[in-house]
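Hi,

Here's the structure I promised to pass on to you. Have a look at it first, then read my notes below.

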Amino acid sequence: MIGRREHVTRAPDELRPYSRRLLEVDDLATHFTTPRGKVRAVDGVSFALERGRTLGLVGESGSGKSVLSRSIMGLLPGNVERQGSVAFEDHRLDQMGPAELRSFWGTQIAMVFQDPMTSLNPVMRIGRQITEPLRFHLGMDRREAEKMALALLASVNIPEPGRRLRQYPHELSGGMRQRVVIAIALACGPKLLFADEPTTALDVTVQSQILDLLRTQQRERDMAMVLVTHDLGVVAGHTDEVAVMYAGQIVEQAPTRTLFASMRMPYTAALLQSIPRLANASHTRLDVIAGRPPDLLDPPRGCRFAPRCPYAQDRCREEPPPLQEADEPGHVYRCWFPVGTERGQEALERNLAAPVPQGVDG
Amino acid sequence: MAGSGTAHLRPAEATLLRLENLDVEFPAGGGKRVSAVADVSIDVAPGETLGLVGESGCGKSTTARAIMQLPPPTRGKVVFDGEDLTALDGERLRAVRPRFQIVFQDPISSLNPRRKVGDIVGAPLKIWDRGSEAERRARVDEVLEAVGLDPDTARDKRPHEFSGGQCQRICIARALVLDPKLVICDEPVSALDVSVQAQILNLLEDLKDRYGLTLVFITHDLAVVKNVSDRVAVMYLGKICEVAPPDRLYAEPAHPYTAALLESIPVPDPAAPVRKAGLAAGELPSPLSPPSGCRFRTRCPRAQDRCAAEEPQIRLVAEGQYVACHFPLVADEPLPIKGSQ
């Protein structure tokens, strides 16, 4: 039920009651005006998200995944042009003014950022930072808000929550700070949480604790989540559905298991193959993606991945592939010669037989 | 873990680098001292890659810096190529420095934004007054080409014109230009995207063969370290827990901390069974007052009374596998009855 508009309307609504749908993004484009020209950071993205579900948004730096989440929330600087629609329940986020958005942030949609140190105010006690949204949005009095803050800290597994409330961010470790940021995001009971690389700045042992915490909280609150990450390992274990972004577009989207079992887009396959895996013996040669992502000031005319793609043919360099449906429901991809099909296999063999020179650098 | 001992060291003549009972302490407020690295011994054979893994704060970067004598360790020896670096000072230490180099985590902040790439990479040659102008230029071109950059286009550009991965290539070229024997890589791929990370890891393997390098590779990413290393040392709170060849370490970790680390890595496969990291809740204890006995005992699922009383010594548990633990995860050494798994 994801993809461009035609896929959205074709989704079997009778199977999924309409009220389950929380967020619907349609043909969203976000362009930055810079002295060098227009940067198409997000270029025609559509997807829908149901209550309580998790969408993983994967891509390399510069693929537009963070701009997409900020664009949906309306957290963008002035030099930006936004087109398309963002519907949240019955509200059009893209048409809201700053004041309306302000009442929406925190209570309906919240966000957890990558770096917990810079998203907390260093000169304000933890307690005050948690009670602030409670008092502002929910109109609680001080005592009520403090009780609630205590409960929130306990719910994100912070030991000695009473003492923590009186501490400053620098007195906490990175993992604890991220828990505080999550507690603040959850304070007013949002229906949708954007987690933008929430564990990238943390150690692996802490990462698994934070991801488990997000999952539990999500389940308890029937909260939907968009998990933005570059780590396919994180996505595999913690999402219902995955959208892979490349150069400002969704290039493949599918339920998580389907995606990993039968990926169609060569970029997704290449991304997965470039990760060092524990299952491989040491000194295994890694498969690399040649070259680097395109310049978003002037993206390639055809498929945006074509210059780096081992499957690319003349058609890919000329004609941009549309999102098309795969066999499994809800699986869409953007490729003329998909992985795991006869067409794709032929294209790959043709390229291997007559190797095209490819860039080396990164 | 928190173990000491030197059982895992090989004969001195077979190693290029040998750290013996290394301690690094930093002054903390109130006359206290933080012990960042405590009694660490490890060695690296010529042509080998040693992987140092651990969470932030475990002392892996401090160990790297102690090898570089930046700053020198508080106690202990750093024997490099038969010479104890801690005994050298001033000009004598400077004279050995060209033979060991370091590559840092953030490639962009380790390059001077105002200088041209050719000058950055050529600076070490100039400082050491190696060769003529033309020879230096030829050497710079050679290393730039070796790291996969086109010397003619790269030479006159400045760092901001390159991506993060390319900047890391420039840093590697600069480290190689003096033809060092040992290169310490401190989280060289942590700031890079996965696709670029793979390119840099492959590059390091190629360069190791081409120039006969010995590498010390520091990272928090266990999959990366497995890929590049010949021997892996796992650190926790300033101590070494386990030393083993990577395939052995990952297949049968003997230290409970190694096992917990391995279990917390997310696997890129949704069908993989959900694993539970066997790590007691809680945080890394403060290195200002580390736990008595084994430093890992406060988070260890196998901890016993003995772990608080007595620091485990590193000992051999399988071929090439050394562990500092009283109750390692090896089949023929079951936990005493009191234990709870």
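Let's start with a pair of helices: in this predicted model, helix 5 of chain A and helix 6 of chain A cross in a right-handed way. Which residues make that contact? From helix 5 of chain A, they are A:Gly127, A:Ile130, A:Thr131, A:Leu134 and A:Arg135. Helix 6 of chain A brings A:Ala145, A:Glu146, A:Met148, A:Ala149 and A:Leu152. Sorted by class, the residues of this contact come out as six nonpolar, two polar and two charged.

Now for the geometry. Two packed helices are described by the angle between their axes and the distance between the axes. Here, helix 5 covers residues 126–138 of chain A and helix 6 covers residues 142–155 of chain A; their axes come within 9 Å and cross at roughly 120°. That angle is why helix 5 of chain A counts as oblique to helix 6 of chain A, since roughly perpendicular only runs from 65 to 115 degrees and roughly antiparallel starts over 145.

Next, where the two chains meet. The contact uses 39 residues from chain A and 40 residues from chain B. On the chain A side, four helices each supply at least two residues: helix 9 (204–221), helix 10 (232–238), helix 11 (256–261) and helix 12 (266–273). Which helix of chain A gives the most? That's helix 10 of chain A, with five residues. The side of chain A that touches chain B has 15 nonpolar, 15 polar and nine charged residues.

While you're looking at helix 10 of chain A, find A:Asp231, which sits in the loop between strand 8 (224–229) and helix 10. Is A:Asp231 buried or partly exposed? A:Asp231 has 19 other C-beta atoms within 10 Å, so it is partly exposed; a buried residue needs 20 or more.

Finally, chain B as a whole. It has 11 helices and 12 strands, and the C-alpha trace of chain B spans about 75 × 50 × 40 Å along its principal axes. A compact globule with 341 residues would have a radius of gyration near 20 Å, so the 21 Å of chain B agrees with that. Of the 341 residues in chain B, 49% are buried. And if you take contacts in chain B between residues at least 6 apart in sequence, 65% join residues at least 24 apart.

Happy exploring!

How values were computed: Residues are numbered from 1 along each chain as its sequence is written. Chains are lettered from A and ligands numbered from 1 in the order in which they are written. This is a predicted model: local features need pLDDT of at least 70, side-chain atom pairs count only at pLDDT 80 or more; totals for chains, interfaces and linings use all residues. Axes are lines fitted to C-alpha atoms, for helices over the stretch in contact, and angles run from 0 to 180 degrees between N-to-C directions. Angles under 35 degrees count as roughly parallel, over 145 as roughly antiparallel, 65 to 115 as roughly perpendicular and the rest as oblique. A crossing is left-handed if the near helix is turned anticlockwise from the far one by less than a right angle, and right-handed if clockwise. Two residues are in contact if their C-beta atoms, placed from the backbone, lie within 7 Å. Ala, Val, Leu, Ile, Met, Phe, Trp, Tyr, Cys and Pro count as nonpolar, Asp, Glu, Lys and Arg as charged, and the others, Gly among them, as polar. The radius of gyration is taken over C-alpha atoms; the globule rule is 2.2 Å times the number of residues to the power 0.38. A residue is buried if 20 or more other C-beta atoms lie within 10 Å of its own, exposed if 12 or fewer, and partly exposed in between; C-beta atoms are placed from the backbone.
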